[in-house]
Amino acid sequence: MLASSSSKLSHATLVHRYPPSKLHSEEEMSDTVFSSDENEMNYKCENVARKDDENLQCEEFEETPLYAAILTYLSYAILCLFGWLRDFLRNSNIEKKRGAVDPNATLGFVPLYQSYESFYTRNMYTRVRDIFNRPIASVPGAQFELTERVSDDYNWTYRYTGKTINAINLGSYNYLGFAEKSGPCATDAINALKTYGVSSCNTRIELGMFQRTQRYHVELEQLLANFLHVESSIAFGMGFATNALNIPAVASKGDLILSDEMNHISLILGMRLSGASYRTFAHNDMKDLEAKLRAAIVHGHPRTQRPWKKIIIVVEGVYSMEGSICRLPELIALKKKYKAYLYMDEAHSVGAMGKNGRGIVDYFGVDANDVDILMGTFTKSFGSAGGYIAGKKSLIDHIRVNSHSNTYASSMSAPVVQQIISSLRLLKRPEGQKRICQLADNTRYFRQKLVDMGFIVYGNKNSPVVPMLIYMPARVTRFNREMLRRGIAVVTVGFPATKLLDARVRFCISAAHTRQMLDTALTAIDEIGTDISLRYSTRHKSRRLREL
Amino acid sequence: MGSPANHDNVASLATDFYSLLESFKETPFYHLLFEIFLVLTVLWLILFRKPRRIEKKLTEKEKQELIDEWQPEPLVPPVDANHPALNVRVLDGIVGKTIEIDGKKSLNFATFNFLNFVGNPRITDKAIQAVQKYGVGSCGPRGFYGTIDIHLELEERLAHFFNCEEGIIYSYGFSTVASIIPAYSKRNDILFVDEGVHYAIQKGVEASRSTVKWFRHNDISDLERLLVEQDIHDKKNPKKARTLRRFLIIEGLYMNYGDLCPLPRMVELKYQYKYRIFMDESVSFGTIGQTGRGVTEYYNIDRRKIDLISSSLEYSVGSIGGFAVGSSFVVDHQRLSAQGYCFSASLPPLLAAAAIEALNIMEEEDTTLCDTLMEKSKRLHQKLLDIKGYLIVGEDISPLKHLRLTNSQNTVARLEEIVEFAQTRGITITVARYLNDEHRLPEPSIRLILNVEMTDEELEFLCTVLQEARVKVTV
C-alpha cells in the first residue's frame, strides 16, 4: 500500500517553483479591501494578464514522506487497539455504554448495524466529533459566528452555551463572496419572496394543460445558457440529485462510462443507477484513459464481445478533495479522436475559474460546445442552491422529457432562483469581474505562501480549493482545534472521505477574504505548523512566515 | 476340447508374465520412475487439462481499424416534439388557491398545497427575516459549516411535533427517501415493498442493491404469503438468516392511489416476522389525523412501533426539502451514511424558517386545519361519487384523489381534453405524469388535490365542471 500510494502521487506535470521575490514585487493590492457587506469594490484587477503566460496545468502532488506514512499507520493501529479495549470494557459492563440503544434489540430482530461499521463511529469518530458539524449562527460569509458548544462527556452529547465565536471562515464554499445578507442579490431575493412566496408545491410539468412553469425558472435557464455560451440549459433544485438522477437519462445498459477515480459520490451513484458499465481511470492520467478507451473500443463488452453503444467520459472541473483541475484540452482531443462523449461536473469551478467565471472551459479558452454535457451547481459560487445541466438543445430536450427531477421533484423556490439570476447578472458587470480577479489573487497568494513555508499542498496553483496534507489523525484534530482557538474555522477531512493515509485540511478561498484575513490565517498556520511539525515537504524548504 | 493347448497358452502366458516381472526387477530405478512419470502425464493430459482458448492477438493495425470503424450511437435519441415537457407556457404570480393564467383567474386543484401555506404572509415574513440574517444559500454540506442553528431548531421542532426522539432534515424531497433506504439496507438484505410506492422510493430501493420482494398494492394477504415464504427459506439456513435485515417499505397515504396503508395489521406482522417498518408519510403529514400527525395518529398506533417515518416539506408545509423522524438509534445513523445528507449542501435557511413558521401555524391551540381538511375531503368524495361516469380512486378522508373515466375510455388523451375544458371554465387540474420506467405504471388519471381553503360552492363548481367535461369528451 505504501508503494502504490507513492507511485500514484509522484507524477507532477510541471512543477513551477516561484522564487519568492517575484510575487512580492508585484504586490500592489495589499491595502484594498473587498468588503462583503458593502458593495464598493475599489480593487483594481491587475493580474488577469499574468494567467496567459503561465502553464495552466501546473499541478503538484508530492509523495508521502516515509516517516509520515509509518506514523500514520501506527496511529490508526493504536486507535484500533484502544477501540477494542474500550469495546471490551463496555461489553463486560465495566464501563457504561453510551449512545442510543436499539428499542427492538431484545425482541429477536436482526441487528440494524454491523458491529464493525459502528466500531469506527464509536471509537474514533465520536472522540473527535466536535471538529465536524459545527453549527453557525450567521451568514456564511468571510467571517461568521459559530455557536459555542461544549461537551461534558467526551463528545457523546453537547450543550450550547448560548455564546457565539467570531471566526474567519476558511471552510464554506463561498468562492465569489455571494453569501451576503444585504446587497443587490439579497434585496432581489426578498422581492421574489414577496411576489412569489416561498414555494409553489408542484412539479415542473404538472400544472394543467400546457404545463406551466414559473417565469423566473425560464429566465434562469436562458440566462445560464447565455452565460455559458451553450444552446440550452435546465436547472434543478439540488446539485447532488442533478448528477444522480440525470446520468441515468443519458447513459443506459450497453454503454460504457469511464470515470476519474476521484469523482464525487453523486456521479458514482448516477452511474450505478443508470445500469451502464463503468470503469475508473487513474486520476487525471490521460495515458491511462487513452489506453482504456482503445481497449474498450477494440474488445467491446467483456462478456458478450459486442461493441459498446456509446462511451462517456466523466470528469470534474475542479476536484474538491485534491484541488486539481481536469486536463480539458487533452480530454477534448481524446474525445474527438475516439468519438466518445464528455460529461464535465463543474460544481466547484463554475463562477470560480476562468477570466469571466465561466468555469474550466473559460480557463483553458476552449469552445463550450466541445464538452457534450456541462453540469454544475449553484451552491458554491452563486451563494444559492441547486444544480444545472447545459449543452445542445437536443440533449436538454431529452433530459426535460426523461429526467426524474423534472417529472417528480418540486420546482425550485423563487428566492433561490432569484439569487442565482442576480448573481449571474452581477458577474457580467465590472463588479463581478472584480470578484473573479480577487478570488484568483487570493488563491495564488495563499497557495504560494503555504508552499513556500514548506507544507505539502496538493493541486493546481489556480484552484481555489487548497488541500494541505497532515496525515496523522491526531495532528488533524489538534490543527483544527488550535485554529479555532485562534479564531479561524477550517475544514479537516480524514478517512473515509480520503484515503487512509491522506488526512488533510482543505481551505476554501473566497473573493470576500481580505489580504488581512489571509495573513491572519497564514500566521496561525505557521505557528501551529511549527508546534506540531506539519512541514513535510522535501521539495520546498521549510521556512517561517517571517522569513518570507 | 483343446485343453492341453489352452493349458499351454496359459502356461506360456504365465511364463511371459513372469519374465516381464523379472525384467522389471532388473531395470534401473530411474528408468521405472521415468516410465511412471510418462504414464501419469498422459493420464493428466487426457483427463484434467482444459483446452486452452485460442486468444485473439490482434495486431496494432487491426486494432486501429476497429477503432476507426466503430460508430457510437448519438448521445440522446430524438424526442417527440409534442411531449408535454417541451410545450411549456409561462405563468406568473403566486401559485396558491387561485392561479392567474393568461390574465384569467382559475381555481387551483392541481398543486400539493393542502393547507394553503403558499403565499401565507406570516411564512413569507419569517423567510424574509431569515434572508436578512443568513443570506440565501448555506454554502456547504452539514459536516462543513453548513449546519445553521435554524436547521437544528427545525429538526427539534419536527421531532417534538411527532413526539419522537430525533429528527433529521434533507435539502430535497426526492432525495430524502432515496437516500434513507440505501443507508440501512445493503446488498443481500430483504426489502418488502408495496407495488404502489412512488418513484423516489423505487429509486431508493434500486440504489440499495438489496433483494426486493414486491407485494400487490395494499394486499396484506400477498405480503403474508411473501413473509411465510421467506420464513421457510430462513429455517433452512438459520445462521445466514440471522445476518439478513428485513424492512417493510410503505407509504402512509399513497400518492399514486390516494389510499391508506393497512398499518395496524402490518405492525402486528412486524413483531411476528421481525422486520422493521420504514413509512413514507409525504402526503399524509399535515393532512391525515386530527392534528395532522399522520397515519399513526389516525389509527392510534404508538409511533415508537414504526422504526422510521420519512416525509417531505414540499407538500403540506409549503417549503422545500424533506425530513425523517424516529428513535435516536435509527435516525442518528443517517448523519454519517445517508448520501443525500452528507455529500450535499444543506437546506437554505430561508426554507427552514418557512417550515418552522408553518409548523407554528399547525401547532396553534385553536387550529382545526387538518380536521377541516378531512371533513372537506369527505364531502368532496361524496359529491364526486354522485357524478356519473367517473371512477374515484382514494379514501374518502384523503385530500388527494385520482379520477379515472370508467371502462376503456380512460386514456391520457381524453383526460387531457377534460383538463383543457376545465381550464376554459376556470378550474386548473392536471393529469398525473409518470416516467415510463416505473415499476408498475399506474393507470392514467387526473390527480385532484383539495386545498383546505376551498369553500363548498367552489367544490360544487368543480363537480359541475367535471360533469360537463365528461359529457363533452365521451360524446
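D234(B) is in contact with A241(B) and R246(B), leaving aside its neighbours within four places in sequence. The model is predicted. D234(B) sits in helix α9 of chain B, which covers residues 220-236.

**D234(B) and its surroundings**
- D234(B) has a relative accessibility of 13% and therefore counts as buried, since the cut-off for buried is under 20% relative accessible area.
- Its contacts beyond four places in sequence are A241(B) and R246(B).

**Packing of α18(B) and α19(B)**
- Helix α18 of chain B spans residues 412-424, and helix α19 of chain B spans residues 456-473.
- The two helices pack at an angle of about 130°, and their axes are 9 Å apart.
- Because of that angle, α18(B) is oblique to α19(B).
- The crossing in which α18(B) passes α19(B) is right-handed.
- On the α18(B) side, the contact is made by R414(B), E417(B), I418(B), F421(B) and A422(B).
- On the α19(B) side, the residues are V465(B), L466(B), E468(B), A469(B), K472(B) and V473(B).
- Sorted by class, this contact has seven nonpolar residues and four charged ones, with no polar residues.

**Domain record for chain B**
- UniProt, in an unreviewed entry, lists residues 107-465 of chain B as "domain: Aminotransferase class I/classII large".
- Over residues 107-465 of chain B, the chain is 44% helix and 16% strand.
- The C-alpha atoms at the ends of this stretch are 12 Å apart.

**Positive phi in chain A**
- N133(A) has a phi near 55°, a positive value in a residue other than glycine.
- N133(A) is found in the loop of chain A between α5 (115-125) and β2 (143-150).
- With a relative accessible area of 24%, N133(A) is partly exposed.
- Q305(A) is not a glycine either, yet its phi is positive, at about 65°.
- The loop that holds Q305(A) runs between α10 (286-299) and β8 (311-316) of chain A.
- Q305(A) has 46% relative accessibility, so it counts as partly exposed.

Technical notes:
Residues numbered from 1 in each chain as written. Chains lettered and ligands numbered in written order. Predicted model: local features only at pLDDT ≥ 70, side-chain atom pairs only at ≥ 80, totals over all residues. Heavy atoms only, no water. Axes fitted to C-alpha atoms, helices over the stretch in contact; angles between N-to-C directions. Helix = DSSP H or I, 4+ residues; strand = E, 2+ residues; numbered from the N terminus. Parallel < 35°, antiparallel > 145°, perpendicular 65-115°, else oblique. Left-handed = near helix turned anticlockwise from the far one by under 90°. Contact = heavy atoms within 4.5 Å. Nonpolar A, V, L, I, M, F, W, Y, C, P; charged D, E, K, R; others polar. UniProt positions renumbered as here; feature names shortened; annotations may be inferred. Buried < 20%, exposed > 50% of the residue type's maximum accessible area, 1.4 Å probe, protein only.
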